[in-house]
Amino acid sequence: MSGLLGRSKPIIFWTILMVYGIFTLYPFFWLIVSAFKTNEDFYSHPFGLPAQWNMANFSRAWETAKLDTAFANSLIVSIGSLVLTLFIGALASFILSRFQFRLKAAVFAFFVVGMLIPIHSTLVPLFILMKQISLLNTYWALILPYTAFALPTAIFVLSAYLMSFPREIEEASFIDGTGLWGLFFRIILPMSLPALSTVTILSFLHAWNDFSFALVFISKTSLKTLPLSIANFSDGYQTDYGLTLAAMVLSVLPTIILYLVFQEQVMKGMTAGAVKG
Amino acid sequence: MNAMSSRKFIMFGLAPALLIYGLFVFVPVVWSAYYGFFNWSGFGDKQYIGLANYTEIIHDSTFWRSLKNNIIFVLAAVFGQVPIALALAVILHKNTWMQRFLRSAIFLPMVMSTVVIGMVWQYIYHPQIGILNFLLDAVGLSAWKLNWLSDSGIAIYSLIPPLIWSFVGLYLIIFSSALQNIPGEIHDAAELDGAIGWRRLAYISLPMIWTTVQVAIVLCISGSLKSFDLVYIMTRGGPAHATELLATYMYNSTFTSYRYGYGSAISTMIVLISLVLIGTSQWLTSRKSRSQ
């Protein structure tokens, strides 16, 4: 590395890096600091720290934006689709990676193609489908599509991982008299924990942060997820800056805290499958 | 195990995945191609109009503008995000706390919802209260102040910094782990042969992670075609379609103008365009790697 940077120019590099670091972090800093400001403060000192650290914005935002409902809805749809994705995806990956059957390659390809389909191209037909089967404005209207769109990546990541297990695992468990389901639940699932945690991060973040499906499939206030509630809230309270920013801060706090705790895992998990050595 | 029970297990185990994925991903893609043949407001009867929607698309200047904007996004991603991320990955190669901190910070936007990211940047660009214009005032460049998001000539370019800002971390981490996978002996050998500094990067590191760069380019293309949220939040595709993307145009045609058939036809075009772009990029980058 010292060769790469040269010995004469590290200062220039570090300056560029610091500028980039500031460019990256400033929007977060500004968001959090401004959330404490009153409107007058926000107008007159856009860069500075708040004249008074105004905590009331947060409690008011929590109440006004009905963030408790939004949090509950986001949790329900994210965990619902996560559980479905993990179970269904792991089962399919177990079969696709450990069994031989006709059409296996075709089924695998069918799933992997899904990673290339732009999500939004399905919005219109999915809306029509949901309307016809009366799923609009239900939790299922989000849980099912989130699961469906998480499955290709889940199957891709999990099969690759399961492929590396030695053959003897099946043999040993059959000699012990374990059935296929027993093998799946008691041996395959526990052994796939690292890959499962990758899939967990990917599907959870995707469901938790999704905006477009929620925008189209949910119009009932009581079912709105966090991103949707925040977007609507800002439309309604456009000029109450401190309040809107406080609602935004509250809505991103959980994922930021989880990220700070599980950084390495999150960064590795999000990029799984992209690095092929 | 007996063959009968394992066949049942295979069918039973694959059924839920095939069903959910088929019904909510695959069928809609096929259906949107079918709905594209109809004139339909979403209510009442559908009227079969053959290829009329598709021929209208060909002559629709807004569609072409959306495609052009999408291509601007693809180019900004491929020639902006990829080189920046690559450079950062090379510079932030070590594991000092400073480098780890910067890597984590640059990745942070990846875990946030695009809604909040879009809203923060909306504030940054705001003509009256936005910090960008305040900053220009403060450094005496008041003449450079602009209506960043409502000036149709520059709005699409104003969307590029938030785009790069929010995704560069992903590529940084992808490239960092690819670089870490290069065995140390190769670097040692290269150093003995005099390949250090930028030469080592050009002749050793870059060719060795070229597959990863290819994957990143595919991700950039499909990712840019998927960018709906950011633009929807920041400009709704306006002013006057200046920042319209294929996805926002599809959304606006369907849910604002109530032209379900036309929106479906645009959806089909999005799938086709993304397959063509990804295919082309694969072809171009694999040719390049062969010639190296």
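How many salt bridges does the rule find across the interface of chain B and chain A? The rule finds 1 there, counting a side-chain nitrogen of Lys or Arg within 4 Å of a carboxyl oxygen of Asp or Glu. This is a predicted model, in which local features need pLDDT of at least 70 and side-chain atom pairs count only at pLDDT 80 or more, while totals for chains, interfaces and linings use all residues. Residues are numbered from 1 along each chain as its sequence is written, chains are lettered from A in the order in which they are written, and side-chain values use heavy atoms, leaving out hydrogens and water.

**The interface**
- The salt bridge joins the side chains of A:D235 and B:R236, at 3.3 Å from N to O.
- Helix α1 (residues 3–35) of chain B gives the largest share of the side that touches chain A, with 22 residues; helices are DSSP runs (H or I) of at least four residues, numbered from the N terminus.
- About 8700 Å² is buried between chain B and chain A, 82% of it on carbon and sulfur atoms; this is the accessible area (1.4 Å probe) lost on being put together, summed over both.
- In chain B, the residues that lose the most area to chain A are B:F9, B:Y21 and B:F24, together 9% of what that side buries.

**Charges over rings**
- B:K46 sits over the face of B:W40, 4.5 Å from the ring centre (NZ of Lys or CZ of Arg within 6 Å of the centre and within 35 degrees of the ring normal).
- B:R259 likewise lies over the face of B:Y262, at 4.3 Å from the ring centre.

Definitions and conventions. Buried area = accessible area lost by both parts, 1.4 Å probe. Helix = DSSP H or I, 4+ residues; strand = E, 2+ residues; numbered from the N terminus.
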